[in-house]
Amino acid sequence: MLSSRFSRNILVLLIVIFCSWAALAQISGFDKIAENEYLILYINNKTTEIAVEEKASGEIWYSNPPDRDKMETRARGAARDVMVSQLKIVFFDMGDKMYEMNSYRDAVLNEQYKITALENGVRVDYVFGKEWNDDDFVPRIIAKEKFEEEVLANLSPFDRDFILDQYHLINMVELEEGEELLSIYGINTEEVFRNYKIEFLSRKLSERDQRITIQNILKEIVEGRGYYSINGIKHEDLVPLIHSPVYVQKHDIIPWDKEDINKAFKEAGYHPLKVQEDHARFNYPLPYENVRNFELAIEYYLDGEDLLVRVPGDSIVYPVNVIDHTTGNTVTLPLTTVEVLPYFEAANVEKEGYIFVPDGSGALINLNNNKTNLVPYKKQIYGIDFSTQPIRELQPFLNEKIYLPVYGLKKDDKGFLAIVEEGESIGNINAEVAGMRDSYNKVYTSYEIIPRTMVDLAATENLRDTTTLHRLAINMYQSRNYQGDIKVRFKLLKGEETDYSGMARIYQEYLVNKYNLSKIEDTGNPPFLVELIGAIDKDLPVMGVPRNVTVPLTTYEEANIIIEELLNEGLDNLVIKYTGWSKGGIRHNYPDNVKLEKKLGNRKDFNSLLKTVEENDLKLFPDIAFLNVYRDKVFDGFIGYRDNSRFLSRRRAFIYEEFNPSSHQPGDRRKNILSAGSLDKLVSNFLSDYNKLDTGGLSLRYMANQVNADFRVGVDEVIDREQAKNHIVTQLERLSADYELLVNGGNAYSLPYVSYITNMPLYSDGNILLDRGVPFFQMVLHGYIHYTGEPINLADMSELQYLKLIETGAIPYYRWSYGPSSTVKKSEFDDLYSLHYKDTLDEALEFYQRYSSIMSSLQSQRIIEHNQLAFRVYETVYENGDRIIVNYNRDQVEIDGHIIPGEDYRLIEGER
Amino acid sequence: MHKVKMGPRLIFFISLLIILFTLPLFAEIDTTNFKVPYKSYTFDFWDEPMPAPQPYLPDKIIQFSALGIDGFSSPRDLYVSKDNRIYVVDGSSGKIVAFDQEWNLLNVIESFENEGEVDKLSSPNGIFVDHEGNIYVADTGNKRVVHLRPDGELIKIIGYPEPEVEGILPENFDYKPVKVAADISGRLYVLSEDTYEGILQFDRVGQFQGFIGAPMVKPSLWDRFWKWFATEEQKSRRAYFLPTEYSNIDIDERGFIYATIPSGDRVEDDAVRKLNPSGGDVLRRNGFHRPVGDIDYPTIWEDANITGPSTFVDIAVQDYDIYNVLDRNRGRVFTYDNNGYLLYTFGYRLEKYGAMVSPVALDTLGDHILILDNRHNIIVVYRPTDYAHSILAAFEYHYKGDYDKSTEMWEKVLRYNTNNDLAYTGLGRAAMRLDDFATAMEYFKLGNNRDDYSDALSYYRKEVIGDNFNKIVSIIVLIVILIMVLKRLRKKGVFARIIERTRWQEKPILVKIKSVYDSIKYSRHLIFHPFDGFWDLKHENRGSLPGAIVILILVCLTYVFTRQYTGFIFNANDLTELNIVAEFLSVLVPFLLWCLVNWSLTTLVEGKGTFKDIFIATAYALTPIIILYIPLTIVSNFMIAEEGAFFYFFLSLAAIWAAFLVYFGIMVTHRFEGGKNFLTIVLTIAGMLFVVFIGILFFNLAEQFYTFVNEIYLEIVYRL
């Protein structure tokens, strides 16, 4: 005890010395492995950490905190080892128990890694989990000659004595005349040993020790032969021992010697496979290779000024139906999650700055904000996959989701912006502040390589809280793992660009270059977006029997009237989104053929609407929902077993549509999820009809805010989330060839194809881990795509919406109907409680006038900066130098000599 | 060995925790950057939650730990004085802080001088500030109420209640004052924890006067039933009759005490009470529901983060008798008007900005609502949106008598939210004041407000009758003359001759119809002469199966007619949700069940009636329902609520009459004597219940079997 404490103290001392030495030579331990015009890539061959140096400035970005030995005060042991890892994995055993492994503790320390230099980069292959247990290197029984030749010969004299001390040399020889057999409890000694005895050659043992040793040998043999108890043992089992001197391990080895013994055998080069031979020869139980082995590789490239990190999909290997020899069972250990570079540029407690997460419009988490009693931040990119399990469409606890696969960190004047280029749809963005698990602030991505959910064995498929223990729930997994790559691009930031404005500019530049986005043309007045609600459905008695009937709210003719009225008011840049215009209303029929809703008018009425739109050079976007199926009629193109996506439980996937604002419980009404594999056919069929209408525009309800996998049983039938995303992108590309597109939400993949985005988040989620919401999303898109949030008249924060639109450069957006709002009462659409256009027309016109007076010249300008000037006072700076200052306070504020009244804004023109 | 090691580590951990909890989490948080974390709604007449615009939005978050007051970590109560100062009392440090309305810290009362010595509060739970600015604190730990001046100087201490009369205090009374309020005259009201006798009342000088407003124990029917059979031991084990305890009180300008009662597993009907000085509950509960918070909530059997009814912990009265109550369970604020209508609700319990984790107290500051969150050590300030403003303004204008403005405001409210049924009531009331009763009725109908509709109708009726008295009289005279003429004509046989001329006897179908018509017509005789009526019905073949079927269908139709067209006041049905099939079945199923069970039973006891006889007799016996229900339904449209007794009397009359007829019908049909007949009828009813029971049992079993099979199937599918 005393000695171990002493050795620990020495160790601490050594670490301290090492630290101070490491601090002096910052990049020591690292070797240069690649270099390009701008950057040098280093790798530490001992720990597989990497570092990137920018040649011009000499700044270095580290994959793991280099000052961890000095700064880390909380984590110990395993938690400390994680800090050296580059990859972390999560897997489950057959009993649904979760395990974690990391590249340092479970691969590097076991020396199960390989570093390969690549052109412009480096690859590290890891095997997680020990292939052999340490004990497997040590034979518990071994023939004398073999022991001497293959073990002892390779050891130093000191070790040799130490090892010999751990073994008894025994031999089984005939009993001498008149000698009594040592009786062993539990067996018929005479029958088993017949006329043989065990002779102890190495040292003299008391009778008791002899008995224990023999008993242990027998026990091992019993186990090796697979007998149920010791009395199953037969004389034949002992035959190999006769006249062959063997070494057997002592039964009373001191635990702390074990490690040294294991080490000695490893150093002697004695492999477990040889141990297998030894044990097999003497009927001892065989050591087997561990089944818990996972293979994974990571590649680092220098790509221009960026660091590109790739986890190759084909490097992922996990045990599938392997035989676990220790139990004899077939085992599959699904590798569910991979965390990539969890400590990249992690910030210690002394740094100032923030973590940027793209929550909703974007949000900042201040470094060291001390909110350590909260749960770490974790959110899925592109929102929830509705196919994992039955879930409500409206999540009461989830206000905003993540639309952009980016995240960043600013620590003092240095930082990074990471862009997930591939595999983002299975990704989560994670963030932690110092004090939660260790002393570092960090932000990183994790990936659901195999999506998992808990499925209740109870028959009803209700929303169930699967965390409660009394339920019998089991894990269900996607039938195969994600096979694509994971690619993350790290933009290395320093100096002035290291803030969220800089991150937004860099991401914008990245998108513009990658997708060739073009700027909005200045068209005079800014657009005014009106969403008209065509028809809804409602349960009404028909001849005394309740039926679901379609009720018109705005017919084609009435739409025309509203448009004319707005035109007369001078709104010449009208953008009209027409929702619920086709058969069935908002919850329309399966759109494989396009039919007008009779209750809204006939083809002639629709055409005259189109004519008004065309003559006045307006834009019309009829809205259609492709990914969700509201009605499944007998003779439509939707065939459940073929076109319906599956839950992880393999049942047909659906979404609960209704939301009860009081109880938060789901209602009965649900809609089916279309399998992404059937999307192509649906769009083809849709287009063959829709092309005839000649509208010029198309509004897509879910294509940019839902990505749902299809978890079918068959390995080849599975459409994982990334594949589903690719299906959607293909269709977006195809639709955008002929139509101008308007989408809801605006997941990053849709950005190259759309010209308008509605219901984009203008706020971030109010999770109290976040310290500030920022309009990152808007800063990225302004000048390239028109966007707006919720309709002003129905927005949750309706009163702030005006100011918010000005602050974020979003366009005005109203959702209107011609019919009275009261039509929606007692229907599933009662959340459209202020719908009649006359009710909000005047205030809309008034707002638009003020809006266009300041925004018309700024439509095509990029936002280059966004700052908080005072509490609740924000400025948005455009590329032409114009600044808009918005004051959310009730009282006026004075900024640089400009007085901004309470709840108002001011345009300050830049010098030109 | 272990203990030695654990000690310092534990202390370190605890001190770390304290540091963490006292660090400012919310300093300078701008809530305008975050989306509001809750939805708003109201309930409609049929208990359905209706989405509504946000009435209040989070505005500011006041963080106590940012103030740097030593040990101030568990604020318990909050009170806003008349001059808009905010007082908060902290349970852990016993300190009181006061802010002005701009949230500048005015002073911190850490201790006070009591008879020359420094005295401190110990775990205080309640604070109240009277109209002069003096502070009352429920000093729970010291079992007293402390009365302080605004600067912390002691005025007096009201200690253990000492009654003037013996026996007012219960035995083993443990005085734990938690909440306190005082009226203008200085009378003090104190809530003591674990006290079920009501509110303790003290006079000006601190003399205990007694208890007022003990929550009444209202055992349900089942409770009474249970009490009958339960043994003493069982009774004592079931705490059925334990009266509930108040959770908080507030007092309005006129001295009415508003008190809240927290709900447990089931909803407390009187969750809010308004007590007059003598302790009587005068709260008006005329809304769609009693003011109990959520009507529609998940039970513990459902999967929800928060289950159970709303549990009120604080109440704050504002102008025009509008009161806000705080639900600790879901972290919601419910605002009711003076009649008990739910105006709006907001808030939720979440770890999000603008939501609360552990709400303990609320009060109003001007039009703002303040909520104290005990866990995060913060006050969340909510400000009203224009929507809530409009509602409050509508009340204000109405009280001031500016009905045009009030109307304007209610119209604005409707523009914001078409689901707001209260707006229609508001519009109706304004119209009433302007003597436009017809319009008022229209609005009250839209607003589902039956009481006000009845008032409007009574005026409207008077007005219409007054205006058209001559017309009405002449119409009545005309009708009387017409009837007399028709009777005379019939006597002369004019109609018979006309019918004769059609030569209906030659057409078999018409003959058939005539015979059915005659058989139906017979019911007119039957209902007044049941004995020989039923005899002839069976033996003289005066009734017929087609006739019975027609009567049955007519009864069904009468039910539909009554359901749809009964006057608004007496008709709580949702007219848009008519389901004829269901209505028909609600008549047909019991009818057929009756016939079937009665038939199977009477065949055993040698009843003489066949199934057909029973069917016909029962159907004929239902005739009074047709005859009375239809005119009643029509008349009900012109009746006001006060005349309801008349309406319900005739409804019951029809039912009782029909029941008598059924009784005699069965008796005559089977030729039973009185006693035997009564027995068969009782047994028939029992048999019907039994069949229903068996039916339910069967369906349950079938469902369970299905579940079982499905579960096995699922397990096989999942495990493979």
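1. The crossing of helix 6 and helix 7 of chain B is left-handed. This is a predicted model. Helix 6 of chain B covers residues 421–433 and helix 7 of chain B covers residues 437–446; their axes come within 7 Å and cross at roughly 165°. Angles over 145 degrees count as roughly antiparallel, so helix 6 of chain B and helix 7 of chain B are roughly antiparallel to each other.

2. The contact between these two helices can be listed by residue. Helix 6 of chain B contributes B:D421, B:Y424, B:T425, B:L427, B:G428, B:R429, B:A431 and B:M432, which meet B:F437, B:T439, B:A440, B:Y443, B:F444 and B:L446 of helix 7 of chain B. Sorted by class, the residues of this contact are nine nonpolar, three polar and two charged.

3. The axes of helix 13 (residues 556–568) and helix 14 (residues 603–615) of chain A come within 8 Å, with a crossing angle of roughly 20°. Angles under 35 degrees count as roughly parallel, and helix 13 of chain A and helix 14 of chain A are therefore roughly parallel to each other. Their crossing is left-handed.

4. On the helix 13 side of that chain A contact are A:Y556, A:E557, A:A559, A:N560, A:I563 and A:E564; on the helix 14 side are A:D605, A:F606, A:S608, A:L609 and A:T612. The residues of the contact divide into five nonpolar, three polar and three charged.

5. Strand 6 of chain B pairs with strand 5 (residues 86–90) of chain B in the antiparallel sense, over four bridges. Within this pairing, B:Y87 has B:A98 as its bridge partner. The hairpin of strand 5 and strand 6 of chain B has five residues between the strands, and B:G94 takes a positive phi near 70° there.

6. Strand 6 of chain B also pairs with strand 7 (residues 105–109) of chain B, again antiparallel and over four bridges. B:F99 stands opposite B:L105 of strand 7. In the hairpin of strand 6 and strand 7 of chain B, five residues lie between the strands, and B:W103 takes a positive phi near 65°.

Terms used. Residues numbered from 1 in each chain as written. Chains lettered and ligands numbered in written order. Predicted model: local features only at pLDDT ≥ 70, side-chain atom pairs only at ≥ 80, totals over all residues. Heavy atoms only, no water. Axes fitted to C-alpha atoms, helices over the stretch in contact; angles between N-to-C directions. Parallel < 35°, antiparallel > 145°, perpendicular 65-115°, else oblique. Left-handed = near helix turned anticlockwise from the far one by under 90°. Contact = heavy atoms within 4.5 Å. Nonpolar A, V, L, I, M, F, W, Y, C, P; charged D, E, K, R; others polar. Pairing = 2+ DSSP bridges.
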